[in-house]
Amino acid sequence: MNVQNISIQNFRGFKYFETQLQKKNVIVGNNGLGNTAILDAISIRIGNFLLGIDDIPVSGIQTENICYISYQTGSLIDRQPQFPVKFSCNVQINQKQMHCDRERKALKGKTSGEIAGIRNIASQM
């Protein structure tokens, strides 16, 4: 699988992030700046692919990964979750181009997204 680009919205510390990827990539940055968050977003996004392979656990977008913005009103600070939490990417699997999305729209919601196409490719491998 070749992940060609990824966009991340409202995930951990990212309000919005988008980048193009090459066949080989290096992510460099100081601790706490989102290096692991980018890798985790890719992992969650390609989780649909892994659903087609037996005995591999797959995770959706967990509550602790939702981006929060704090608003101050007087002496009170109100933290509000930001939605949708969304990942999009273009991938190439066995010479097939695919666009994939996953998102979570509410605090008590579940991760949704297209899974049939990418899962079917994985199950045929």
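## A tilted aromatic pair

In this predicted model, Phe14 is buried, with a relative accessible area of 14%, which falls under the 20% limit for that class. Phe17, by contrast, counts as partly exposed at 22% relative accessibility.

## The aromatic pairs

The structure holds two aromatic pairs. In one of them, the rings of Phe11 and Phe87 have their centres 4.9 Å apart and their planes at 75 degrees, so this pair is classed as edge-to-face, the cut-off for that class being over 60 degrees. Because Phe11 belongs to strand E1 (residues 2-11) and Phe87 to strand E5 (residues 85-93), the pair ties together parts that are 76 residues apart in sequence. Both Phe11 and Phe87 are buried.

Phe14 and Phe17 also form an aromatic pair, which is tilted, with 5.1 Å from centre to centre and 45 degrees between the planes.

## A charge over a ring

Tyr68 is involved in a contact of another kind, since Arg79 lies over the face of its ring, at 4.4 Å from the ring centre.

## The chain as a whole

The chain contains three helices and seven strands, which follow the pattern β-β-α-α-β-β-β-β-β-α when read along the sequence. Of its 125 residues, 33% count as buried, and the chain exposes about 8,000 Å², of which carbon and sulfur atoms supply 50%.

Among the contacts in the chain with a separation of 6 or more, 52% are accounted for by residues 24 or more positions apart.

Technical notes
Residues numbered from 1 in each chain as written. Predicted model: local features only at pLDDT ≥ 70, side-chain atom pairs only at ≥ 80, totals over all residues. Heavy atoms only, no water. Phe/Tyr/Trp six-rings, centres within 6.5 Å; stacked < 30°, edge-to-face > 60°. Helix = DSSP H or I, 4+ residues; strand = E, 2+ residues; numbered from the N terminus. Buried < 20%, exposed > 50% of the residue type's maximum accessible area, 1.4 Å probe, protein only. Lys NZ or Arg CZ within 6 Å of the ring centre and 35° of its normal. Contact = heavy atoms within 4.5 Å. Areas by Shrake-Rupley, 256 points an atom, 1.4 Å probe, with all protein chains shown as cover.
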